[in-house]
Amino acid sequence: MQIQGQIVDIKNRKIYSGEITVENGKISAIIEKKHSIKNYILPGFIDAHIHIESSMLVPSEFAKLAVVHGTVATISDPHEIANVLGKEGVYFMIENGKKVPLKFHFGAPSCVPATHFETAGATIDAEGIKELLASPDIHYLAEMMNYPGVLFDDPEVLKKIYYAKQRNKPVDGHAPGLRGESVQKYIRAGITTDHECFTFEEAQEKLSLGMKVLIREGSAAKNFNALIDLLPEYYENMMFCSDDKHPDDLILGHINLLCSRAVAKGIDVFKVLQAACINPVHHYKMNVGLLNTNDAADFIVVEDLINFKIIQTYINGELVAEKGNSFVKDVLFETPNNFNIDVKDITDFEVPSVVTNSNVSEQAKQIRVIEALEGQLITNEIHHKPLIENEKIISDIENDILKMAVVNRYKNTKPAIAFIKNFGLKKGAIASSVAHDCHNIVVVGTSDKEICNAVNLIIKNKGGICTVNGSENKSLALPVAGIMSNKNGWETGKLYQEIDAMAKELGSSLNAPFMTLSFMALLVIPDLKLSDKGLFSGSSFTFVDLEVK
């Protein structure tokens, strides 16, 4: 097979008219050849850090959508399913991914559970990590979120890092806001990347210390604008990633969109493509071709180097997508699930007032409120006077202080309750069992009744997301571990769009309300979050009371 076009040689920073010959899945020859074809041929795009589970799709369905956008490979952390099903969940992802052409490179999830301040479905200790790292299907130690464990020389944490070094496999980082001597110690432990930088200065410091920094642009966390101006200087040590990408966003685009945005800012196209195509392959020793003779024939054909509109995607010489059509075939798979709790009652979500109607005044005690931030995983702690009715604290719709709950999905316990700002709902409730990292049910609503109805719909579906408003509801069942759909990607994406649209019709002004919701139980990202065990401060790493003393 011969393919002609304008060949983009990223390493040597040149573009020339040429022809590629592919035999037995590999590039057997690349020659300069004059022709009239204007399309560009370049290595395929790579997402350098993504949780496939957050697309709500199994790997084989994720692949169908991703190849349309020129993605040929991913660095995938199966941390989400591992928190639900342990090592068996990791093996499920690997085996499902092997059945499609896209090259998934899975890591050993280092923090299962992420903390001991929440209930997960499984634990993977250092010996479990050792077992996973011994597999040729595991390519790295995934993000070390327990940076306090690294800083305080936790023996279990250090053993996990040691086992990765022993296998000569990279160790990924996760250290939002870590600076100075602390980040230096974190790096000295052997941690090589970070995708959690949210300021220019933080990323610059980590780059100057030899760390690889990933520019993340997902459905909720968006750091492209904060970090992209570092790329011209540090292009050899930067990569692009999504981290978490919901299905509706994946339908629209992937790493190709970041390349287009970077070029539109005037950044040299070769530097952009080095970050998007080359750096992940070298850093993670990926089995992905880079458009060299004898490489695997993994490449894409694009219309131009401005919008990066994908014409064709090839993986191992196989045409897997063309002009918006995916040729990745359906894969049959089982639906592992350990979702087994009883439905809840409205009274489970009631919160006795910290003050009573008889003594409410300007001096009334305040409650801690989680302030969600658009486009960020971090939150703030703010204080607010509670709204009280019948000696119970209720959602304060007028001030956008809504009740939030996290419900343990693994065993029957009392829900944990808090209050949150910036979801903006005027009526109804939204709920999800995609809730990092332990994937308990998380819900925000305007009344206890709506909250209870939303939670029970998730329980009935054995996992999912939903928007409810009285008798009206829209839901997407996620029966695969309670976090992924068993339907195809386009159907899942369309249904997600409908549920998301209903949430916005009920008043939410967030760009991605469900993605934001999924991070409100993520304790390792400061500041105030809610686990199934209670309200938690990520700054002090301790539980705190709802009432401000």
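How many bridges join S5 to strand S6 (residues 71-76)? Four, and the two strands run parallel. Before you start clicking, note that this is a predicted model, where local features need pLDDT of at least 70, side-chain atom pairs count only at pLDDT 80 or more, and totals for chains, interfaces and linings use all residues. Residues are numbered from 1 along each chain as its sequence is written, and side-chain values use heavy atoms, with hydrogens and water left out.

Helices (H or I, at least four residues) and strands (E, at least two) are DSSP runs, numbered from the N terminus. Two strands pair if DSSP finds at least two bridges between them.

Select S5 and S6 together. Asp47 has Thr74 of S6 as its bridge partner, and Phe45 stands opposite Thr71 in S6. Now follow the chain from S5 through helix H1 (residues 59-66) to S6: this β-α-β crossover is right-handed (with the strands pointing away from you, the path from the first strand over the helix to the second runs clockwise).

Next, colour the whole sheet. It is open, with five strands in the order S5-S6-S7-S8-S9 and parallel pairing. Strand S5 (45-50) and strand S9 (171-173) are at the edges; each has a single partner strand, so one side of each lacks a neighbour in the sheet. Even so, six of the six residues of S5 are buried (under 20% relative accessible area, with exposed over 50% and partly exposed in between; 1.4 Å probe, protein chains only).

Finally, show helix H6 (residues 155-166), which packs on the sheet and touches strand S8 (138-144) and S9. Contact here means heavy atoms within 4.5 Å. Helix H13 (residues 269-284) also packs on the sheet, touching S5, S6, S8 and S9.

Technical notes: Axes are lines fitted to C-alpha atoms, for helices over the stretch in contact, and angles run from 0 to 180 degrees between N-to-C directions.
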